Structure formats: C-alpha cells, structure tokens
Amino acid sequence: MNENRREFIRKTGLGVLAGLGVASGIFHKSSFETVLASTEHEDEAKGTRLGMVIDTRKCKEGCTKCIDACHEVHNVPQFDNSKDEIKWIWKDPYKNVFPGESEQFLSEETKNRSYLALCNHCDKPPCVRACPTKATFKRGWDGIVTMDYHRCIGCRFCMAACPYGARSFNWRDPRPAIDKINQAYPTRERGVVEKCNFCSERLSQGLKPACVAECPEGALTFGDLNDPHSEVRDLLKNNHTLQRKSELGTRPSVFYII
Amino acid sequence: MKIKEQILIFGGLALFFFVVTYAFWQEGEAKKIRTPVAKSSSEHCIESREYMRENHMLVLDDWRKSSVRKGDRIHVTPDGREFEKSLKTCFECHGSRGFCVNCHSYASARPNCFGCHQEM
C-alpha cells in the first residue's frame with residue numbers, strides 16, 4: 001500500500017514536469033520569461049512621432065546661437081566646473097557624437113567639425129524603462145520623451161541608461177548660476193535630473209523649438225517623422241542620414257545629414 | 001502625622017493640579033490671521049471661495065498631472081469658462097506667493113512649489 005502511494009506521487013511529479021516542459025514550448029509567448037531586445041528598425045507608423053533632422057553641412061563652426069537660445073529659454077545654468085555641467089544641447093567632435101562610425105579615411109573636414117548633440121527622443125527610450133518613479137515618460141500623443149520634475153527622486157538611473165549622455169544632474173542649486181532668469185519657464189531644483197524637452201512648452205503655443213527657430217542657417221528641421229509628406233521625411237528621403245548609435249535599437253528621432 | 005506635614009502635602013498637590021490644568025482654565029480664541037485678499041472678486045476664480053479654501057491643493061495636483069502627463073492644458077469650469085492650467089493663472093489674480101505664504105506659514109505647511117516655479 002505504502003509502496004503504491006510513493007510510486008503514484010513519483011509518477012505524478014514526473015508527469016507535471018513533462019507537462020510544463022511541453023507547455024513552455026507550445027505557449028512560448030504567453031508565459032515564462034520573454035526578452036525585449038529588438039534591434040530591427042521596422043517602420044511602424046502609429047500616431048505622431050516628432051523628430052529632427054540636423055544638416056551638419058549647414059551648421060557653422062563656432063556658432064552657438066541654438067545653444068544660447070535653448071539655455072536662455074529653459075533657464076539652463078552655466079557652471080564653470082564640468083562635473084556640475086547641465087546640458088540640453090551641445091556641440092561635440094565626430095568621434096564623440098558617432099563613436100560607432102568608422103573614421104578610416106574620413107575627410108579631415110568631417111572629422112574636425114563639431115556636431116550638435118541633444119536628447120534623441122528615442123522611439124524606444126531606455127531612460128523611460130530605467131526610471132523607477134515614471135518621472136521620465138514618453139508622451140503617447142507625440143512621442144516626446146519628457147520629464148515630470150515633481151516626481152524625480154534624483155536616483156540617476158536614467159543617466160546610466162541613456163547611451164547619449166543627454167541627461168544632467170543638478171548637483172548644485174541651479175538658480176545662482178542662471179545669468180538671466182526667464183520668468184515664463186520654471187527653473188529646476190538641486191537633486192533632480194534634467195534634459196531637453198523638445199520645447200514642449202513652445203509646441204503647445206504653436207511655436208517651433210527654440211533651437212530650430214533661432215538657427216540662422218536653417219540647419220535644423222523639425223516635424224512629424226510618421227507623416228510621409230512632412231519636411232523631415234522629405235529630407236530623409238533625399239539625403240543619406242545617420243542616427244546616433246542606431247545599433248543599440250533605441251530608434252533615435254534625431255537624424256544627421258553628414 | 002503632624003498637621004504641618006499634611007498642609008505641605010495637600011498644598012503641594014493642589015499646586016500641582018493647578019499647574020497641570022492651568023492651560024484648560026484659559027478662555028479665548030485661536031490667534032486670528034489676516035486673510036489675504038485676491039485682486040479680483042472671488043467669482044472670477046475657477047471655483048467658489050469655500051471650495052478653493054478646502055481643495056486648492058487637489059486642484060493644483062490635478063492640474064499638474066493632467067497638463068504634464070496628458071497634455072491637457074485647459075481647465076474648463078462648470079459654467080464654461082476656460083483657464084490655462086498654470087500657476088501663472090493663479091497669480092494673475094492672487095498676486096504673489098505672499099498669498100500662499102500667509103496661511104501656509106501659520107499652518108506650518110511649507111509648499112515647495114517656489115523652488116522651481118516663479119511667481120511672475
């Protein structure tokens with residue numbers, strides 16, 4: 001009798017294990033572990049996806065009008081110490097902006113020029129996945145990756161997650177380091193992360209982003225990447241463009257014409 | 001026990017109870033604070049004065065959530081008036097942060113809005 005019961009339990013256990021194994025094979029999508037790591041760049045055009053095309057051929061060396069305009073509009077502080085630096089939009093050399101691209105036999109001109117860098121407002125933003133409080137989120141209606149500073153707890157996970165260094169942490173109180181405070185836009189506080197917001201406050205008033213509006217060369221073009229007739233899509237159709245670190249699968253919404 | 005000691009003990013007890021219950025003997029009212037007044041009459045506000053006194057923090061919280069996270073920047077009052085969801089809208093009538101500080105400092109509840117926001 002005892003012998004039988006033991007045998008029964010043993011067989012049932014084996015049966016359950018075998019069943020689970022088969023189930024994991026058949027229902028591979030519904031349960032167990034799934035990994036999200038898509039690097040393919042399929043075109044799923046759903047809703048609006050705001051993006052930018054930067055024509056680096058038109059961008060003048062030494063000109064910082066877009067940077068100045070952005071920093072003035074958004075009360076971005078200027079710290080002398082680079083460790084305290086707050087960056088929304090900045091210029092960097094080729095090897096820093098496109099570290100994955102080959103530099104072999106590259107023209108001196110291309111190599112030595114500096115390139116505009118800003119938040120890429122990725123279609124698959126890693127900073128949003130890293131944020132434990134959902135302070136950083138992607139706006140469902142236009143694809144802008146933006147921040148709710150009220151919620152930011154300053155953990156800086158997003159800074160570690162962002163492959164573009166587009167986020168800065170306020171180590172110090174920013175207010176004393178702002179030359180002229182723009183009364184129409186809030187400042188930030190010590191202890192929060194901040195970044196480019198694609199001028200969502202200007203967009204809501206029907207204006208273009210400050211950098212785009214301020215560029216005297218017309219090097220920056222802004223628009224809906226999902227609209228096949230938009231200006232940005234025209235530029236993308238007619239020019240060869242680069243995205244920063246496209247191999248990571250973040251699908252940046254900022255494109256560069258080199 | 002001597003009478004002297006009894007007087008000392010009961011006198012001490014009486015003094016003790018007097019001191020302990022002293023605060024409850026006082027009759028009076030809570031300190032009055034000067035209520036700040038808006039530049040325009042309360043009919044201009046998004047809700048009645050009573051509602052705003054009790055619920056202004058919930059209104060601000062709701063404005064913050066719906067404007068930042070849903071992009072819905074316009075508040076429509078039950079009688080159809082429209083306001084931009086912004087602290088700027090509040091200060092158009094209520095002047096400056098002094099309006100907030102008056103009551104908040106009395107209640108010892110510090111709003112931390114002005115670490116970032118400006119009063120315009």
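What follows is a short chat about a predicted model with chains A and B.

Trainee: What should I know about the model before I start?
Mentor: It is predicted: local features need pLDDT of at least 70, side-chain atom pairs count only at pLDDT 80 or more, and totals for chains, interfaces and linings use all residues. Residues are numbered from 1 along each chain as its sequence is written, and chains are lettered from A, ligands numbered from 1, in the order in which they are written.

Trainee: OK, chain B. How many helices and strands does chain B have?
Mentor: Chain B has four helices and two strands. Helices (H or I, at least four residues) and strands (E, at least two) are DSSP runs, numbered from the N terminus. Starting at the N terminus, the order in chain B is α-α-β-β-α-α.

Trainee: Is chain B spread out or a compact globule?
Mentor: Chain B is more spread out than a compact globule, because its radius of gyration is 25 Å, well over the 14 Å that the globule rule gives for 120 residues. That radius is taken over C-alpha atoms, and the rule is 2.2 Å times the number of residues to the power 0.38. The C-alpha trace of chain B spans about 85 × 30 × 25 Å along its principal axes.

Trainee: And how much of chain B is buried?
Mentor: Of its 120 residues, 6% count as buried. Buried means 20 or more other C-beta atoms within 10 Å of the residue's own, with C-beta atoms placed from the backbone.

Trainee: Which strands does strand 1 of chain A pair with?
Mentor: Strand 1 of chain A pairs with strand 8 (residues 220-224) in the antiparallel sense over five bridges. Strand 1 also runs parallel to strand 10 (residues 254-257) of chain A, joined by four bridges. Pairing here requires that DSSP finds at least two bridges between two strands.

Trainee: How many bridges join strand 9 to strand 10 in chain A?
Mentor: Three bridges join them, and the two strands run antiparallel. In that pair, A:Leu242 stands opposite A:Tyr256.

Definitions and conventions:
A residue is buried if 20 or more other C-beta atoms lie within 10 Å of its own, exposed if 12 or fewer, and partly exposed in between; C-beta atoms are placed from the backbone.
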